[in-house]
Amino acid sequence: MSDEREHWYEDEASPLVRLYAVTGGRAKAQRLDLELTTLLVDARSGVRSRLLAPEYDAIVELCRTALSVAEVSAHLCLPLTTTKILIGDLIDEGRLRARAPRNQLTTAPDLDVLRAVLAGIKRS
């Protein structure tokens with residue numbers, strides 16, 4: 001088999017076909033705890049992932065310093081849903097750690113404050 005034929009998917013397939021293959025056709029992230037602001041960090045620096053697609057390596061490389069899910073998606077120019085699926089795989093493997101940002105609200109905002117802000121906006 002010629003070398004050209006072995007790599008047809010890299011040259012002729014669209015990026016979406018490749019992502020479909022990498023995610024195994026999954027269209028929804030299994031991990032519901034991944035939000036746009038969830039911070040990710042490499043849990044096992046220097047250890048190679050068992051997941052073979054280059055997108056996994058790129059995510060791990062980016063997460064050497066803490067990055068949010070949204071930032072990883074933007075850096076890699078990948079759809080957010082696909083990024084969440086790949087990140088979920090890396091978390092399940094133990095390769096990445098995820099945590100909510102420290103400044104994220106854990107309770108509902110005070111309605112009186114929101115009403116006061118709205119009233120101030122209406123006055124201006």
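Angles under 35 degrees count as roughly parallel, over 145 as roughly antiparallel, 65 to 115 as roughly perpendicular, and the rest as oblique. I will need those words for the helices.

What you see above is a predicted model, in which local features need pLDDT of at least 70, side-chain atom pairs count only at pLDDT 80 or more, and totals for chains, interfaces and linings use all residues. Residues are numbered from 1 along each chain as its sequence is written, and side-chain values use heavy atoms, with hydrogens and water left out.

First, the overall picture. The protein has seven helices and three strands. Helices (H or I, at least four residues) and strands (E, at least two) are DSSP runs, numbered from the N terminus. In sequence order the pattern reads α-α-α-β-α-β-α-α-β-α.

Of the 124 residues, 27% are buried. Buried means under 20% relative accessible area, exposed means over 50%, and partly exposed is in between, with a 1.4 Å probe and protein chains only. The accessible surface of the protein is about 8800 Å², and carbon and sulfur atoms account for 56% of that. Those areas come from the Shrake-Rupley method with a 1.4 Å probe; for residues, only the protein chains shown count as cover.

A word on contacts, meaning heavy atoms within 4.5 Å. Take the contacts between residues at least 6 apart in sequence: 75% of them join residues at least 24 apart.

Start with H4, residues 54-62, and H5, residues 69-76: their axes come within 10 Å and cross at roughly 125°. H4 and H5 are therefore oblique to each other. Their crossing is right-handed. On that term: a crossing is left-handed if the near helix is turned anticlockwise from the far one by less than a right angle, and right-handed if clockwise. On the H4 side the contact involves Glu-55, Ala-58, Ile-59 and Leu-62, and on the H5 side Val-72, His-75 and Leu-76. By class, that contact has five nonpolar residues, one polar and one charged. Here Ala, Val, Leu, Ile, Met, Phe, Trp, Tyr, Cys and Pro count as nonpolar, Asp, Glu, Lys and Arg as charged, and the others, Gly among them, as polar.

Next, H5 and H6. These two pack at about 115°, their axes 9 Å apart. That makes H5 roughly perpendicular to H6. This crossing, too, is right-handed. Val-69, Val-72 and Ser-73 of H5 meet Leu-80, Thr-83, Lys-84 and Ile-87 of H6. The residues of this contact divide into four nonpolar, two polar and one charged.

How are H4 and H6 placed relative to each other? The angle is about 75°, with the axes 10 Å apart, so H4 and H6 are roughly perpendicular. From H4, Glu-55, Tyr-56, Ile-59 and Val-60 meet Leu-86, Ile-87, Asp-89 and Leu-90 from H6. This contact has six nonpolar residues, no polar ones and two charged.

Now some single residues. Glu-93 is found in H6, which runs over residues 80-93. Is Glu-93 buried or exposed? At 11% relative accessible area, Glu-93 is buried. Not counting residues up to four places away in sequence, Glu-93 touches Arg-44, Ser-49, Arg-50 and Leu-51.

Cys-77 sits in the loop between H5 and H6. With a relative accessibility of 68%, Cys-77 counts as exposed. Most residues other than glycine have a negative phi. Cys-77 is not a glycine, yet its phi is positive, about 55°.

Pro-101 belongs to the loop between strand E3 (96-99) and helix H7 (111-123). Pro-101 is buried, at 14% relative accessible area. Leaving aside neighbours within four places in sequence, Pro-101 is in contact with Thr-37, Thr-38 and Leu-39. The C-alpha atoms of Pro-101 and Ser-68 are 8.7 Å apart, while along the chain the separation is 33 residues.

Last, Glu-35, in the loop between helix H3 (15-22) and strand E1 (39-42). Its relative accessibility is 41%, so Glu-35 counts as partly exposed. Glu-35 and Ala-100 are 65 residues apart along the chain, and their C-alpha atoms are separated by 8.2 Å.

Notes: Axes fitted to C-alpha atoms, helices over the stretch in contact; angles between N-to-C directions.
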